[in-house]
Amino acid sequence: MTPLLSVQGVTKHYGARLGCGDVNFDLWPGEVMGIVGESGSGKSTLLSCLSGQLAPDAGKVVFDTRAEGPRDVLTMSEPERRMLARTDWAFVHQNARDGLRMGVSAGGNVGERLMAVGARNYADIRAQAIDWLGRVEISEDRVDDRPRAFSGGMQQRLQIARNLVTGPRLVFMDEPTGGLDVSVQARLLDLLRGLVREMGLSAVIVTHDLAVVRLLADRLMVMKGGQVVETGLTDQVLDDPQHGYTQLLVSSVLQV
Amino acid sequence: MTDQAYNFAYLDEQTKRMIRRALLKALAVPGYQVPFASREMPMPYGWGTGGVQVTAACLTPEDRLKVIDQGADDTTNAVSIRKFFERTAEVETTEHTAEATVIQTRHRIPEQPLEEGQILVYQVPIPEPLRFLEPRETETRKMHALEEYGLMHVKLYEDIAHNGAISTAYAYPVKVEGRYVMDPSPIPKFDNPKLESAAIQLFGAGREQRIYALPPHTKVVSLDFEDHPFEASKADHDCDLCGCGSSYLDEVITDDAGGRMFVCSDTDFCATRQAEGHRGALSPQEEYA
């Protein structure tokens, strides 16, 4: 079996400062990888490098494409990479406003990716949009409302529907629950866990919330100052942290 | 003003040369927006500075010019541009579509089919069809380059979702030769089928500094959905002056008691038909003696 995503020695400098240094990991089909660390630890930089939004200084990001097998994303031409980004990949932003078109109805937001890959039948597009809104627990009568009229949690769920409608194989998530209150967070996590398992998605989740990775991630990578300090199975890392920083991180979580 | 300061058709020869180069490039790549160094013209932006520059670059002393605004030859915009070229180029002008070699237009295509050898110049306010969907110019250029036009259908989807039908009635987006999506300037969608024409069609946007073009007989397809096909719509009425049932109509309010009449927006077309003896419902009664 080939890994879906193979990251080899990805390094990014911002001038003299290190963004992220020499990151290596393999992501297997159906696996969810969590990346945790404090603010400024390089986790968002790493995610941008992996998803082709930022060009790293060194390293390879090899994705197992449907048509041609494993290919280095960084050496692909831009049309190929953008095609990948709207078919096999999905990117869930921390702020739903970054990932949605706020002036376009919910149905249009979900349908955009379908139309971008050539869907030209209004009734089909609408039916799929409604189906996906249902899957993320948004009722059918909101299909023509603009995202502005939605609550923060609904916007985030809409963003997820919009991203998953073309059946991607790899989802990048940047703090998917950031800025939501705890009960809405819990429902969103529940939903995400269901979708990931049901569709057999692979995902890379960047977060500083250990509860999120505990629930969603199979494996965990802890970053500090641009370096990976510890990797392992989620439960193993969280229950028996080896590195000093991980121990600090785990013990910093407030207990209710 | 000295004699040296005068040049045929207002613009200096170097400027015309620059515009002609842009026009040639635009004709070579139909539907592609070619940037050009738009000049300050003696009229405000929005009055057709782009169209005037293109016309100035195309005119020769032998040309016969027609200028229309919303189909009419006698409205302010049309009259002032016609006078401008009468004065600066001393070319002949006409109101008859068939006699004109260069036609500058705003918001309409003449009803009478154009022929080979004629040039139709459009005044374009906003050349970028994706502008109101994607505000970043860098991004829209990339979308044109990579043929990513899904967003254009999102607009049509929104129309149907909110109004039950594609409600975009003017500046209806078209795909040119299966490649570039183009804004045909704010012509009514009734005129879209006429974009496939024997004449050369040039589009000039002065403020936005873009020129694009359709060579004769270029394939132009209006975007639509399989289950909501494109429809060239017009007011469901006949012209009240010439009785024509197939021309694009203006609705004119005639009093404050709900009175209205529909007349051809193309004044030359309507006048020609009336001269041929066609009459509409509100034509003046003829005297029988």
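**Notebook: cavities, pockets and chain B**

I began with the second largest cavity, whose lining consists of Thr97(B), Ala98(B), Gln112(B), Pro113(B), Leu114(B), Glu115(B) and Gln118(B). The model is predicted, so I noted that local features need pLDDT of at least 70 and side-chain atom pairs pLDDT 80 or more, while totals for chains, interfaces and linings use all residues; side-chain values use heavy atoms, without hydrogens and water. Residues are numbered from 1 along each chain as its sequence is written, and chains are lettered from A and ligands numbered from 1 in the order in which they are written.

**Entry 1: cavities**

I used a 1 Å grid over the protein atoms alone: a cavity is a set of points where a 1.4 Å probe fits but cannot get out, and a lining residue has an atom within 4 Å of a point. Grid points are joined across faces, edges and corners, and a volume is the space filled by probe spheres set on the points. I found 2 cavities of 30 Å³ or more in the structure.

For the second largest cavity I recorded a volume of about 30 Å³. I sorted its lining by class (nonpolar: Ala, Val, Leu, Ile, Met, Phe, Trp, Tyr, Cys and Pro; charged: Asp, Glu, Lys and Arg; polar: the others, Gly among them).

The largest cavity has a volume of about 40 Å³. I listed its lining as Val92(A), Ile160(A), Asn163(A), Leu164(A), Val171(A), Met173(A), Leu192(A), Val196(A) and Leu201(A). By class this lining holds 8 nonpolar residues, 1 polar residue and no charged ones. Helices and strands here are DSSP runs numbered from the N terminus (helices H or I, at least four residues; strands E, at least two). At least two lining residues come from each of helix H6 (152-164), strand E7 (170-174) and helix H7 (182-199) of chain A. H6(A) contributes the most, with 3 residues.

**Entry 2: pockets**

I took a pocket as an open set of grid points with protein on both sides within 12 Å along at least five of seven lines. The largest pocket has a volume of about 1300 Å³. I counted 37 lining residues, and nearest the centre are Arg82(A), Arg101(A), Arg162(A), Arg136(B) and Glu139(B). Two or more lining residues come from each of H2, strand E6 (89-92), helix H3 (96-99), helix H4 (106-116) and H6 of chain A, and from H4 and H5 of chain B. H2(A) gives the most, with 5 residues. I classed the lining as 15 nonpolar, 8 polar and 14 charged residues.

The second largest pocket has a volume of about 430 Å³. Of its 24 lining residues, Pro129(B), Phe132(B), Lys155(B), Ala171(B) and Asp183(B) are the closest to its centre. H5(B) supplies the largest share of this lining, 3 residues. I divided the lining into 16 nonpolar, 3 polar and 5 charged residues.

**Entry 3: helix H4 of chain B**

I called a residue buried under 20% relative accessible area, exposed over 50% and partly exposed in between (1.4 Å probe, protein chains only). In helix H4 (residues 137-145) of chain B, the buried residues are Glu139(B), Thr140(B), Met143(B) and His144(B). They lie on the same side of H4(B), because they cover an arc of only 140° around the axis; the arc is that of the directions from the helix axis to the C-beta atoms. The face turned away from this buried side carries the exposed residues Thr138(B) and Ala145(B).

I took heavy atoms within 4.5 Å as a contact. The buried residues of H4(B) pack against helix H2 (78-87) of chain A, and against helix H5 (150-163) and strand E7 (180-182) of chain B. Just after H4(B), I noted a positive phi of about 55° at Glu147(B).

**Entry 4: Leu54(A)**

I placed Leu54(A) in the loop between helix H1 (43-50) and strand E4 (58-65) of chain A. Leu54(A) counts as partly exposed because its relative accessibility is 24%. Leaving out residues up to four places away in sequence, Leu54(A) touches Lys12(A), Tyr14(A), Thr45(A), Ser48(A) and Cys49(A). Leu54(A) and Lys12(A) are 42 residues apart in sequence, and their C-alpha atoms are 9.0 Å apart.

**Entry 5: chain B as a whole**

I counted 6 helices and 12 strands in chain B. Buried residues make up 52% of its 289 residues.
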